Each structure stands twice: as structure tokens, then as C-alpha cells.
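Have a go at each task before you read its solution.

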Amino acid sequence: MNTFISDIKSYIDAQLKKGTKPKLYTKITQVHARKGFPGEEIITRMKNGLQETKNIVKKGDWVITNPDGEQYIISKDSFVQKYEQDSQNSKQYRSKRVVQKFIPVNEDITFMAPWGEKMTIKKGGFLNISGYQSGDIYGIQEDEFKKTYVPCDENGEIIKHDKKTLMLIATKGKIK
């Protein structure tokens, strides 16, 4: 059973008061991306079938498809900040390795995402709290997070060099 969180900022405050320490991560995989069509509905569905959320494209938004197929909407400003086009494949985009802050989710939760729709994150997932002050808080399921993000320092330098990370770095995060 999911716990509904009516105020996600208060929930995060409580987690931080309990001693949860935000950790820094950077995305290293490549994604497919396209300009969205205003009014287009995108349902973010995980590889396991879980519907995480849905959102409606606004003018200028981009639609991202991660390596496992889940799609989501990102604003033009955020897209430009986080991604750059792959010179060898115009439909793939590399992460610019922006440093982001995350805290783990220790229970199944549902909350209102910044775009006004419910978002469900299962225990083991992560909340991106990089935009905490502005209310831009969203979640990522555990499997998708572990396949696309790695720990980094405040400069974006990767600090965990396990076999999976080294393979992603070697292939520049390309989607197979």
C-alpha cells in the first residue's frame, strides 16, 4: 500500500531531520529525445509495467526516452542544461553530467509531482531534491536510477568505479 504524501517538501524535511543525507549523483547514459507536441500526453511507464506518472507536453518541452523505454517530459531549459546531441546519432543525446541531489525512498509513496499529476515511487527508489527550493521534486524508480545514475562529487567527477560504471563510461552511456 502506498503512503500518499500531501506535502512532499515536509516529507523531505522530516527525512532530513531523521538523519537522511542527500547524496550527489550524475546521469551517465544516453537517451533518445525529441521535441514534444503541445497537448501530447506522455505516460511514464517502467519496464516492469508500473505507471509512475503522466504529463502533458507544453510548448518547447522535450520527450525523453531512457534506455529501458520509460518516457518523460522535460522543459526546454532543463533539456539544454542537462543534454547535448550525440554527433554520431542525431536522435541520441548525451548527459552533460549535471550534479544532482537525491535521497532514498524507504517506503512506497505517491505525491503530487511539479506538473500537477500523481507520481508513485516504490521503496528503494530515489527523490531528486536538486530543485527543492523551487518545488521541482520528482522521483526515479530504483532499477531505472541504478541503470542511469552514478555517485559523483560536487564537480561531477564519478567517485564509484564498479564494473557497471566502467562499462557505461567506456560506451559513453550509449543505448544498445
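**Exercise 1. Is Tyr93 buried or exposed, and which ring does Tyr93 pair with?**

Solution. Please keep in mind that this is a predicted model.

Step 1: The relative accessibility of Tyr93 is 9%. Buried means under 20%, so Tyr93 counts as buried.

Step 2: Now look for the ring partner. The structure holds 11 aromatic pairs. In one of them, the ring centres of Phe79 and Tyr93 are 5.1 Å apart, with the planes at 65°. An angle over 60 degrees counts as edge-to-face, so that is the class of this pair.

Step 3: Phe79 belongs to helix α2 (residues 76-82) and Tyr93 to strand β9, so the pair ties together parts that are 14 residues apart in sequence.

**Exercise 2. In what order do the 5 strands of the open sheet stand, and which strands are at the edges?**

Solution. Step 1: Reading across the sheet gives β14-β13-β10-β2-β15, with antiparallel pairing.

Step 1: β14 (136-140) and β15 (149-151) each have a single partner strand, so one side of each lacks a neighbour in the sheet, and these two are the edges. From one strand to the next, the twist averages 40°.

Step 2: Follow the pairing through β13. Strand β10 (residues 100-104) is joined to β13 (residues 126-131) by 3 bridges, while 4 bridges join β13 to β14.

Step 3: Inspect the turn. The hairpin of β13 and β14 has 4 residues between the strands, and Gly135 there takes a positive phi near 85°.

Step 4: See what lies over the sheet. Helix α1 (residues 8-17) lies across β10, β13 and β14, at about 105° to β13. As for accessibility, β14 is mostly covered, with 4 of its 5 residues buried. Separately, Lys9 lies over the face of Tyr132, 5.0 Å from the ring centre.

**Exercise 3. Which backbone atoms does the side chain of Ser95 reach?**

Solution. Step 1: Locate Ser95 in strand β9 (residues 89-95). Its relative accessible area is 13%, so Ser95 is buried.

Step 1: The side chain of Ser95 reaches the backbone oxygen of Lys27 at 2.6 Å. The backbone nitrogen of Arg97 is reached by the Ser95 side chain at 2.9 Å.

Step 2: List the wider surroundings. Leaving aside neighbours within four places in sequence, Ser95 is in contact with Lys27, Ile28, Thr29, Lys82 and Tyr83.

Terms used
Residues numbered from 1 in each chain as written. Predicted model: local features only at pLDDT ≥ 70, side-chain atom pairs only at ≥ 80, totals over all residues. Heavy atoms only, no water. Pairing = 2+ DSSP bridges. Axes fitted to C-alpha atoms, helices over the stretch in contact; angles between N-to-C directions. Contact = heavy atoms within 4.5 Å. Buried < 20%, exposed > 50% of the residue type's maximum accessible area, 1.4 Å probe, protein only. Polar contact = N/O pair within 3.5 Å; in protein donor to acceptor, adjacent residues only side chain to side chain. Phe/Tyr/Trp six-rings, centres within 6.5 Å; stacked < 30°, edge-to-face > 60°. Lys NZ or Arg CZ within 6 Å of the ring centre and 35° of its normal.
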